[in-house]
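Here is a friendly note to read alongside the model. Please keep the viewer open as you go through the points.

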Amino acid sequence: MNTDALPLVTVTEHDVDGALALVLTLDRPDAMNALSRALLEALWVEVEKAAVRREVRALILAGNAKAFCAGADLKERAGMSPVEVRAFLRRIRGIMDLVERVPMPTIAAIDGVAFGGGCELALACDLRVLGRDAKIGLTECALGIIPGAGGTQRLPRLIGPAKAKELIFTARRLDAATAFDAGLANHVVDAGRALDKALSLAAEIGKTAPLAVEAAKAAIDGGLSTGISEGLLLEARAYEVTLYTEDRKEALAAFAAKRPPQFVGR
(Lines give C-alpha, C1' and ligand atoms only; values in the text may rest on other atoms or scores of the structure.)
Protein backbone atom coordinates (compact mmCIF):
# COMPACT_ATOMS: atom_id res chain seq x y z
CA MET A 1 0.00 0.00 0.00
CA ASN A 2 1.24 3.50 -0.80
CA THR A 3 1.16 5.16 2.62
CA ASP A 4 1.87 8.56 1.04
CA ALA A 5 -1.64 8.33 -0.40
CA LEU A 6 -2.94 8.62 3.18
CA PRO A 7 -3.13 11.94 5.08
CA LEU A 8 0.47 12.71 6.04
CA VAL A 9 -0.33 15.48 8.51
CA THR A 10 -3.04 14.95 11.09
CA VAL A 11 -4.74 18.13 12.33
CA THR A 12 -6.37 18.24 15.76
CA GLU A 13 -7.88 21.10 17.73
CA HIS A 14 -7.54 21.31 21.51
CA ASP A 15 -9.42 23.53 23.93
CA VAL A 16 -6.82 24.44 26.57
CA ASP A 17 -8.53 26.34 29.37
CA GLY A 18 -10.75 28.15 26.88
CA ALA A 19 -8.02 28.86 24.30
CA LEU A 20 -7.57 27.05 21.00
CA ALA A 21 -4.35 25.16 20.29
CA LEU A 22 -3.86 23.53 16.90
CA VAL A 23 -1.68 20.43 16.64
CA LEU A 24 -0.16 19.33 13.33
CA THR A 25 1.15 15.79 13.67
CA LEU A 26 3.54 14.39 11.07
CA ASP A 27 2.08 10.98 10.31
CA ARG A 28 4.41 8.91 8.17
CA PRO A 29 5.35 6.18 10.66
CA ASP A 30 6.82 3.75 8.15
CA ALA A 31 9.63 6.26 7.48
CA MET A 32 9.94 7.85 10.96
CA ASN A 33 8.21 10.93 9.54
CA ALA A 34 11.05 11.59 7.10
CA LEU A 35 10.38 14.63 4.94
CA SER A 36 9.31 13.36 1.55
CA ARG A 37 8.02 15.70 -1.13
CA ALA A 38 4.47 14.60 -0.36
CA LEU A 39 4.87 15.21 3.37
CA LEU A 40 6.38 18.65 2.74
CA GLU A 41 3.44 19.62 0.56
CA ALA A 42 0.94 18.39 3.15
CA LEU A 43 2.70 20.30 5.90
CA TRP A 44 2.89 23.44 3.75
CA VAL A 45 -0.88 23.37 3.15
CA GLU A 46 -1.74 22.90 6.82
CA VAL A 47 0.67 25.55 8.12
CA GLU A 48 -0.67 28.07 5.60
CA LYS A 49 -4.24 27.32 6.68
CA ALA A 50 -3.30 27.64 10.36
CA ALA A 51 -1.42 30.93 9.88
CA VAL A 52 -4.57 32.89 9.00
CA ARG A 53 -6.73 31.51 11.80
CA ARG A 54 -6.70 34.35 14.32
CA GLU A 55 -8.52 32.25 16.92
CA VAL A 56 -5.56 29.82 17.16
CA ARG A 57 -3.43 30.85 20.14
CA ALA A 58 -0.61 28.33 19.61
CA LEU A 59 0.48 26.05 16.78
CA ILE A 60 2.09 22.80 17.88
CA LEU A 61 4.13 20.52 15.63
CA ALA A 62 4.43 16.91 16.73
CA GLY A 63 5.31 13.49 15.35
CA ASN A 64 3.83 10.08 15.88
CA ALA A 65 4.85 8.11 18.98
CA LYS A 66 8.18 6.80 17.62
CA ALA A 67 9.66 9.92 16.06
CA PHE A 68 9.28 13.64 15.62
CA CYS A 69 11.05 13.67 12.26
CA ALA A 70 14.11 11.71 11.11
CA GLY A 71 15.05 14.38 8.54
CA ALA A 72 14.85 14.39 4.76
CA ASP A 73 13.81 11.19 3.02
CA LEU A 74 17.22 10.07 1.76
CA LYS A 75 15.78 7.11 -0.17
CA GLU A 76 13.58 9.45 -2.16
CA ARG A 77 16.41 11.95 -2.62
CA ALA A 78 18.74 9.25 -3.98
CA GLY A 79 16.48 8.95 -7.02
CA MET A 80 16.36 12.68 -7.71
CA SER A 81 18.27 14.49 -10.44
CA PRO A 82 20.44 17.47 -9.40
CA VAL A 83 17.69 19.82 -10.60
CA GLU A 84 15.10 17.95 -8.54
CA VAL A 85 17.35 18.07 -5.46
CA ARG A 86 17.66 21.85 -5.81
CA ALA A 87 13.89 22.17 -6.12
CA PHE A 88 13.41 19.97 -3.07
CA LEU A 89 15.84 22.07 -1.05
CA ARG A 90 14.04 25.28 -2.04
CA ARG A 91 10.78 23.75 -0.85
CA ILE A 92 12.16 22.47 2.45
CA ARG A 93 13.75 25.87 3.15
CA GLY A 94 10.44 27.47 2.32
CA ILE A 95 8.47 25.37 4.79
CA MET A 96 10.94 26.21 7.58
CA ASP A 97 10.56 29.91 6.80
CA LEU A 98 6.78 29.54 6.69
CA VAL A 99 6.72 27.90 10.13
CA GLU A 100 8.99 30.61 11.52
CA ARG A 101 6.80 33.43 10.17
CA VAL A 102 3.35 32.38 11.40
CA PRO A 103 2.01 35.09 13.74
CA MET A 104 1.08 32.87 16.68
CA PRO A 105 3.63 31.09 18.92
CA THR A 106 4.83 27.73 17.62
CA ILE A 107 5.92 24.80 19.78
CA ALA A 108 7.76 21.65 18.70
CA ALA A 109 6.68 18.66 20.81
CA ILE A 110 9.51 16.16 20.34
CA ASP A 111 9.36 12.52 21.38
CA GLY A 112 11.73 10.15 19.60
CA VAL A 113 14.25 11.45 17.07
CA ALA A 114 14.63 14.87 15.45
CA PHE A 115 17.64 14.66 13.15
CA GLY A 116 18.74 16.80 10.21
CA GLY A 117 15.69 18.41 8.68
CA GLY A 118 13.65 17.29 11.68
CA CYS A 119 15.94 19.28 13.96
CA GLU A 120 15.72 22.23 11.55
CA LEU A 121 11.92 22.07 11.71
CA ALA A 122 12.14 22.21 15.50
CA LEU A 123 14.54 25.15 15.28
CA ALA A 124 12.02 27.04 13.13
CA CYS A 125 9.56 26.87 16.03
CA ASP A 126 9.54 29.40 18.87
CA LEU A 127 9.72 26.80 21.65
CA ARG A 128 10.86 23.19 21.93
CA VAL A 129 9.70 20.53 24.40
CA LEU A 130 11.58 17.22 24.50
CA GLY A 131 10.57 13.92 26.00
CA ARG A 132 13.35 12.21 27.94
CA ASP A 133 13.77 9.61 25.21
CA ALA A 134 14.26 12.25 22.50
CA LYS A 135 17.42 12.51 20.41
CA ILE A 136 18.11 15.67 18.44
CA GLY A 137 20.89 16.96 16.23
CA LEU A 138 22.06 18.40 12.94
CA THR A 139 23.64 15.26 11.52
CA GLU A 140 24.29 16.38 7.94
CA CYS A 141 28.11 16.62 8.07
CA ALA A 142 28.22 12.87 8.73
CA LEU A 143 26.44 12.44 5.38
CA GLY A 144 28.83 14.63 3.40
CA ILE A 145 26.54 17.68 3.30
CA ILE A 146 25.68 20.57 5.60
CA PRO A 147 22.39 21.64 7.18
CA GLY A 148 20.54 23.23 4.27
CA ALA A 149 17.17 24.25 5.69
CA GLY A 150 18.26 26.95 8.10
CA GLY A 151 20.24 24.95 10.63
CA THR A 152 23.51 26.83 10.18
CA GLN A 153 21.68 30.10 10.85
CA ARG A 154 19.04 29.28 13.46
CA LEU A 155 21.11 27.08 15.77
CA PRO A 156 23.89 29.71 16.33
CA ARG A 157 21.25 32.34 17.07
CA LEU A 158 19.68 30.02 19.62
CA ILE A 159 22.68 28.63 21.50
CA GLY A 160 25.62 30.75 20.31
CA PRO A 161 28.09 30.21 17.45
CA ALA A 162 30.76 28.21 19.29
CA LYS A 163 28.35 25.60 20.65
CA ALA A 164 26.52 25.44 17.32
CA LYS A 165 29.76 24.90 15.39
CA GLU A 166 30.74 22.03 17.65
CA LEU A 167 27.37 20.32 17.25
CA ILE A 168 27.28 20.81 13.48
CA PHE A 169 30.94 19.88 12.83
CA THR A 170 30.63 16.67 14.88
CA ALA A 171 27.09 15.77 13.69
CA ARG A 172 26.45 15.00 17.34
CA ARG A 173 23.16 13.44 18.42
CA LEU A 174 22.10 14.92 21.74
CA ASP A 175 19.91 13.31 24.34
CA ALA A 176 17.19 15.45 25.88
CA ALA A 177 19.11 16.41 29.02
CA THR A 178 22.17 17.48 27.02
CA ALA A 179 19.99 19.43 24.59
CA PHE A 180 18.41 21.27 27.51
CA ASP A 181 21.80 22.10 29.01
CA ALA A 182 22.94 23.44 25.62
CA GLY A 183 19.91 25.73 25.39
CA LEU A 184 18.26 23.79 22.58
CA ALA A 185 15.19 22.76 24.62
CA ASN A 186 12.85 24.86 26.74
CA HIS A 187 11.58 21.88 28.71
CA VAL A 188 12.34 18.18 29.17
CA VAL A 189 9.48 15.97 30.34
CA ASP A 190 8.75 12.28 30.80
CA ALA A 191 8.92 10.20 27.63
CA GLY A 192 5.70 10.39 25.67
CA ARG A 193 4.55 13.57 27.42
CA ALA A 194 6.04 16.24 25.14
CA LEU A 195 2.69 17.02 23.55
CA ASP A 196 1.02 17.28 26.96
CA LYS A 197 3.61 19.85 28.05
CA ALA A 198 3.24 21.74 24.78
CA LEU A 199 -0.52 21.95 25.36
CA SER A 200 0.14 23.18 28.89
CA LEU A 201 2.34 25.95 27.49
CA ALA A 202 -0.38 26.77 24.97
CA ALA A 203 -2.85 27.12 27.85
CA GLU A 204 -0.52 29.62 29.57
CA ILE A 205 -0.15 31.57 26.33
CA GLY A 206 -3.92 31.47 25.90
CA LYS A 207 -4.42 33.50 29.07
CA THR A 208 -2.51 36.47 27.63
CA ALA A 209 -3.61 39.02 25.03
CA PRO A 210 -3.39 37.60 21.48
CA LEU A 211 -2.37 40.83 19.76
CA ALA A 212 0.24 41.54 22.42
CA VAL A 213 1.80 38.09 21.96
CA GLU A 214 1.80 38.55 18.18
CA ALA A 215 3.44 41.96 18.51
CA ALA A 216 6.02 40.65 20.97
CA LYS A 217 6.93 37.79 18.64
CA ALA A 218 7.31 40.18 15.70
CA ALA A 219 9.52 42.51 17.74
CA ILE A 220 11.75 39.68 18.99
CA ASP A 221 12.16 37.99 15.61
CA GLY A 222 12.67 41.26 13.76
CA GLY A 223 15.22 42.47 16.27
CA LEU A 224 17.35 39.32 15.97
CA SER A 225 18.43 40.34 12.46
CA THR A 226 19.22 43.96 13.31
CA GLY A 227 21.40 45.98 15.63
CA ILE A 228 20.15 47.01 19.07
CA SER A 229 19.09 50.49 17.93
CA GLU A 230 16.95 49.12 15.10
CA GLY A 231 15.59 46.43 17.42
CA LEU A 232 14.52 48.99 19.99
CA LEU A 233 12.75 50.94 17.26
CA LEU A 234 10.91 47.79 16.22
CA GLU A 235 9.89 47.23 19.82
CA ALA A 236 8.59 50.79 20.14
CA ARG A 237 6.50 50.45 17.00
CA ALA A 238 5.12 47.08 18.09
CA TYR A 239 4.26 48.56 21.48
CA GLU A 240 2.34 51.38 19.81
CA VAL A 241 0.12 48.84 18.08
CA THR A 242 -1.00 47.40 21.40
CA LEU A 243 -1.94 50.77 22.93
CA TYR A 244 -5.15 51.14 20.94
CA THR A 245 -6.58 47.65 21.26
CA GLU A 246 -9.74 46.58 23.03
CA ASP A 247 -7.66 44.00 24.88
CA ARG A 248 -5.52 46.68 26.52
CA LYS A 249 -8.64 48.48 27.74
CA GLU A 250 -10.00 45.16 28.99
CA ALA A 251 -6.77 44.44 30.86
CA LEU A 252 -6.96 47.79 32.65
CA ALA A 253 -10.63 47.30 33.50
CA ALA A 254 -9.98 43.78 34.78
CA PHE A 255 -7.10 45.01 36.93
CA ALA A 256 -9.29 47.70 38.47
CA ALA A 257 -12.11 45.20 39.08
CA LYS A 258 -9.70 42.55 40.43
CA ARG A 259 -10.94 39.93 37.98
CA PRO A 260 -9.28 37.89 35.20
CA PRO A 261 -9.30 39.70 31.82
CA GLN A 262 -11.37 38.36 28.95
CA PHE A 263 -9.28 38.99 25.85
CA VAL A 264 -10.91 38.96 22.42
CA GLY A 265 -7.97 39.59 20.08
CA ARG A 266 -9.07 43.07 19.03
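1. First, the ground rules. This is a predicted model, in which local features need pLDDT of at least 70 and side-chain atom pairs count only at pLDDT 80 or more, while totals for chains, interfaces and linings use all residues. Residues are numbered from 1 along each chain as its sequence is written, and side-chain values use heavy atoms, with hydrogens and water left out.

2. The core. A nonpolar core here is a set of buried Ala, Val, Leu, Ile, Met, Phe, Trp, Tyr and Cys residues joined through side-chain atoms within 4.5 Å. Buried stands for under 20% relative accessible area, exposed for over 50%, and partly exposed for in between, using a 1.4 Å probe and protein chains only. The largest such core holds 53 residues, and those with the most contacts inside it are L43, F68, I95, I110, I136 and L155. Helix 1 (residues 37–51) gives this core its largest share, seven residues. Helices (H or I, at least four residues) and strands (E, at least two) are DSSP runs, numbered from the N terminus. There is also a second, separate core of 17 residues, with A58, I60, A109 and V129 among them. In soluble globular proteins, nonpolar side chains tend to be buried together.

3. Helix 1 with helix 3. Axes are lines fitted to C-alpha atoms, for helices over the stretch in contact, and angles run from 0 to 180 degrees between N-to-C directions. The axes of helix 1 and helix 3 (residues 82–101) come within 10 Å and cross at roughly 30°. The two helices are therefore roughly parallel to each other; the classes are under 35 degrees for roughly parallel, over 145 for roughly antiparallel, 65 to 115 for roughly perpendicular, and oblique for the rest. Contact means heavy atoms within 4.5 Å. Helix 1 contributes R37, L40, E41, L43, W44, V47 and E48, and helix 3 contributes E84, F88, R91, I92, G94, I95, L98 and V99. These residues divide into nine nonpolar, one polar and five charged, where Ala, Val, Leu, Ile, Met, Phe, Trp, Tyr, Cys and Pro count as nonpolar, Asp, Glu, Lys and Arg as charged, and the others, Gly among them, as polar. Do look at I95, which touches L40, L43, W44 and V47, not counting residues up to four places away in sequence.

4. Helix 5 with helix 6. How do helix 5 (residues 151–159) and helix 6 (residues 161–170) pack? Their angle is about 135°, with the axes 7 Å apart, and that makes helix 5 oblique to helix 6. On one side of the contact are G151, T152, L155, P156 and I159 of helix 5, and on the other P161, K163, A164, L167 and I168 of helix 6. The contact residues comprise seven nonpolar, two polar and one charged.

5. Helix 9 with helix 10. The axes of helix 9 (residues 210–224) and helix 10 (residues 228–243) come within 9 Å and cross at roughly 170°, which makes helix 9 roughly antiparallel to helix 10. L211, A212, A215, A219, G222 and G223 in helix 9 meet G231, L234, E235, A238 and T242 in helix 10. By type, the contact has six nonpolar, four polar and one charged. T242 is buried, with a relative accessible area of 18%. Leaving out residues up to four places away in sequence, T242 touches L211, A212, A215 and R248.

6. M32 and N33 both deserve a look. M32, in the loop between strand 2 (19–26) and helix 1, has a positive phi of about 55° although it is not a glycine. N33 lies in the loop between strand 2 and helix 1, and its phi is near 60°, a positive value in a residue other than glycine. Is each buried or partly exposed? M32 is partly exposed at 37% relative accessible area, whereas N33, at 0% relative accessibility, counts as buried.

7. N64. This residue is found in the loop between strand 3 (56–63) and strand 4 (67–69). At 14% relative accessibility, N64 counts as buried. Leaving aside neighbours within four places in sequence, N64 is in contact with T25, L26, D27, R28, P29 and N33.
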